[in-house]
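This dialogue takes up a few features of one model and how each may be read.

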Amino acid sequence: MDAPSEPDQTPAAPGRKLADGRQLPKLLFATSKDRLRNKIGPAADDVFQLLSDAGQSLLDISDHDKPWLEVGAASSGVDGVVLLGGYDVVRSQRLDVLTDVLRKAGSCLPDLDDYIVWSDDCFGDTDGDGLPEIPVSRIPDAGSADFLLDILCCPTGTAQSSRFGIRNSARPYADNVFNAITGNEAINISAPFAVGHTQKNHIDAAGIYMVLHGSKHDQSMFWGEDSSGTHLQAFSLGCIPDGLSGVVFSGACWGALCVEKPATDTPDGTQAVPLKTTQSIALRFLEAGATTYVGATGAHYSPISGAIHHKFWEGVMGGTPPAKALFDAKAYFAPHVYTWPNADEYGYMFKTWRQFTCLGFGW
């Protein structure tokens, strides 16, 4: 009788380690193994083995209608949740950010998303109250095993600049936020700043901050505006260098929308269609080497959101992992939702609190 074979100890993606071997907290990785295999092929098993080699837990989701309930119930005792795959692999929650009272009262100002956004916060809801108790980040797959593995392994590089920023000329509050990022570089203002006004090595920065106009129909471009309110192209896919290392925070409307349609335009039960890296600034930043990209999945409100922007960068500059820094920034913001002096803007407050999402590893 043959002796039993030894388990294969060959590490996945030889020479590569999860988070480049950095010490990580206890995380729960979650995906649908079959759906991810359908997207990126057999190399999905290399991803699973990479996590196993690092001693991290992986949940194979079986509830594809409301996966956040399954993940939240399994995430007690971990420091964070990392979702593997786009919305077609792990469905995001289509969240109505308004309370029943506000929705029925009809007293909130109009919103381009009708206050319905994509949200991954629910995957960190460990007690079933609808609010997250732990941070959540998502690594989209972009249909590529290399894309997913590159983000998971995310070596910590040295950026060529300390910080890079662009703001719409009508958003001066962003200057104070930008100053929370360590560095001497000045923030760019659009107008006059436009596509082509800077070298790509300036954009390879440890901290990248953008407060510009975005569009739910085009994720390849952000816009500034001149004194007359006319929009001009301020940042595009082509501005992103082939290699960079840093954290990105976008204050653009729909700036982290990584599917073709926002939640309000995607009826319940409809499959969201992921964007490609050639269609999305968020995905292109991750492909180029950014460790994290944080942004809104719907129309974004300034300067209401400024506190979240500022607290996020304070956390990151203080050494807090980006996923946790966003979680902490939202926790700081939440009490202000209920004490906001302008009752007709309550909806904007609730939306700001709930719609920011963390793409990339985040740890």
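**Cysteines, core and helix packing**

Q: How many disulfides are there by this rule?

A: A disulfide is a covalent bond between the sulfur atoms of two cysteines. In this predicted model, the count comes to zero disulfides.

Q: How far is the sulfur of Cys-154 from the closest cysteine sulfur?

A: The distance is 7.4 Å, to the sulfur of Cys-153, and this too is too far for a bond. Cys-154 is buried, its relative accessible area being 8%.

Q: Which residues have the most contacts inside the largest nonpolar core?

A: They are Phe-235, Phe-285 and Phe-361, in a core of 118 residues. Leaving aside neighbours within four places in sequence, Phe-235 is in contact with a set of residues including Phe-164, Ile-166, Val-195, Met-221, Ile-281 and Phe-285.

Q: At what angle do helix α1 and helix α2 pack?

A: Helix α1 (residues 33-40) and helix α2 (residues 44-53) pack at about 130°, and their axes are 8 Å apart. The two helices are therefore oblique to each other. In their contact, Lys-33, Leu-36, Arg-37 and Ile-40 of α1 meet Ala-44, Asp-45, Val-47 and Phe-48 of α2. By class, this contact of α1 with α2 has five nonpolar, three charged and no polar residues.

Methods
Residues are numbered from 1 along each chain as its sequence is written. This is a predicted model: local features need pLDDT of at least 70, side-chain atom pairs count only at pLDDT 80 or more; totals for chains, interfaces and linings use all residues. Side-chain values use heavy atoms; hydrogens and water are left out. A nonpolar core is a set of buried Ala, Val, Leu, Ile, Met, Phe, Trp, Tyr and Cys residues joined through side-chain atoms within 4.5 Å. Buried means under 20% relative accessible area, exposed over 50%, partly exposed in between (1.4 Å probe, protein chains only). Contact means heavy atoms within 4.5 Å. A disulfide is a pair of cysteine sulfur atoms within 2.5 Å. Axes are lines fitted to C-alpha atoms, for helices over the stretch in contact, and angles run from 0 to 180 degrees between N-to-C directions. Helices (H or I, at least four residues) and strands (E, at least two) are DSSP runs, numbered from the N terminus. Angles under 35 degrees count as roughly parallel, over 145 as roughly antiparallel, 65 to 115 as roughly perpendicular and the rest as oblique. Ala, Val, Leu, Ile, Met, Phe, Trp, Tyr, Cys and Pro count as nonpolar, Asp, Glu, Lys and Arg as charged, and the others, Gly among them, as polar.
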